[in-house]
Amino acid sequence: MSDLAASGELMDRIYRHQRHVYDATRKFYLLGRDRLIRRLDPPAGGRVLEIGCGTARNLIVAARAYPNAQFFGIDISSEMLGTARRLVAREGLAADIRLARADATAFDPALLFGVPGFSRIFLSYTLSMMPGWQAVLDRALGWVVPGGELHVVDFGGQERLPVWFRVGLRQWLHLFHVTPRDALEAELTMLGLRAGALTVFERPFRGYAQYAICRRLAA
Ligand SMILES: C[S@@+](CC[C@H](N)C(=O)[O-])C[C@H]1O[C@@H](n2cnc3c(N)ncnc32)[C@H](O)[C@@H]1O
C-alpha cells in the first residue's frame with residue numbers, strides 16, 4: 001500500500017464516524033482557530049490554502065470574513081472531504097472554496113488547482129497528526145508567494161498548565177494519533193530563515209496552543 005493510501009485509510013478510519021460530531025465537539029478544545037482566521041487578513045484577490053482542512057469549518061468562517069479572497073482546501077481523508085463538500089455547498093460557498101484530496105507531504109497546487117502559489121497557507125491542528133510534519137512545513141513554505149504568510153496553530157507544550165493536565169491531555173491525544181510538536185518553533189524558525197521568511201511565535205491559552213506566523217520577505 002502506498003503512503004498516501006495508508007495515511008488516508010488511517011484518517012478515514014479515525015473520522016468516518018467522528019466527522020458527524022466533529023464541529024460540535026472540537027470547538028471546545030481546538031483553541032486558537034478563530035485567532036488564526038482573524039490574523040490571516042489576505043490581500044484582495046489573494047489565494048488562501050488550508051492544508052488538512054477537515055470539515056472545512058475554518059475555510060467557511062474565513063471565506064465569510066474575507067469575501068474578496070479565493071479559498072482552497074486539501075485533505076487526505078475522503079470521509080472528511082465528503083463532509084466538507086456538503087457543508088461548503090450548504091453555505092452557498094462552492095464557487096469560493098475549492099477542495100481536493102491530497103497528501104500534505106506531496107501536493108502540487110499547479111496540478112491540483114492550476115495555481116502557482118498562495119498569499120496565505122494555514123495549518124490548524126493538523127501538523128500534530130502528520131508523521132512527516134517538518135517536510136510538510138518545508139513544502140508549504142515553498143508555495144507561499146513572496147510577501148505571503150504561513151500560519152500554524154496546534155497543540156502546544158502546556159507549559160503553564162498543571163502537570164496532571166499536561167500528562168492527561170497527552171495520553172488522551174495519543175489515542176487519536178495526535179502528538180504535540182514541541183520542536184515547532186525551532187523547526188519553523190530554521191526553515192523560515194532558509195526560505196527568506198521571518199517567524200513570530202506565541203503560546204496562547206497558558207501554552208495549551210502554539211501559534212506561528214512565518215512571513216516571507218517581499219521579492
Ligand atoms: C484534527 S483535523 C483538523 C481539521 C481542521 N484543520 C480544523 O482545524 O478543524 C486533522 C485533519 O488533517 C487531515 N490530515 C492528516 N494527515 C494529512 C495529510 N498527510 N495530508 C492532508 N491532510 C491530512 C485529517 O484527515 C484531518 O481532516
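Is Phe 165 buried or exposed? Hi everyone, let's start there. Phe 165 is exposed, because its count of other C-beta atoms within 10 Å is 12. The cut-offs are these: 20 or more other C-beta atoms within 10 Å makes a residue buried, 12 or fewer makes it exposed, anything in between is partly exposed, and the C-beta atoms are placed from the backbone. Phe 165 sits in helix α8, residues 163–175. Between Phe 165 and Ala 65 there are 100 residues in sequence and 34 Å in space, C-alpha to C-alpha.

A word on the model. It is a predicted one, where local features need pLDDT of at least 70 and side-chain atom pairs need 80 or more, while totals for chains, interfaces and linings use all residues. Residue numbers run from 1 along each chain as its sequence is written.

Now the whole chain. It has nine helices and seven strands, taken as DSSP runs numbered from the N terminus (helices H or I, at least four residues; strands E, at least two). For 219 residues, a compact globule would have a radius of gyration near 17 Å, and the chain agrees with 16 Å; that is over C-alpha atoms, with the rule being 2.2 Å times the number of residues to the power 0.38. Buried residues make up 42% of the 219. Of the contacts with a separation of 6 or more, 72% join residues 24 or more positions apart, a contact being two backbone-placed C-beta atoms within 7 Å.

On to the inside. The largest nonpolar core has 59 residues, and Ile 121 and Ala 140 touch the most other members. Such a core is a set of buried Ala, Val, Leu, Ile, Met, Phe, Trp, Tyr and Cys residues joined through C-beta atoms within 7 Å. Leaving out residues up to four places away in sequence, Ile 121 touches Leu 49, Ile 51, Ala 140, Trp 143, Val 144 and Leu 150.

Ala 140 takes us to helix α7, residues 133–142, whose buried residues are Trp 133, Val 136, Leu 137, Ala 140 and Leu 141. They share one side of α7, because they cover an arc of only 130° around the axis, judged by the directions from the helix axis to the C-beta atoms. Among the elements covering them are β1 (47–51), β4 (118–124) and α9 (184–194).

Last, the ligand. Of the 23 residues around it, Gly 52, Gly 54, Ser 77, Ala 104 and Ser 124 come nearest, where near means a backbone-placed C-beta atom within 6 Å. Two or more shell residues each come from α1 (3–18), α4 (57–65) and β2 (70–75). Thanks, everyone!
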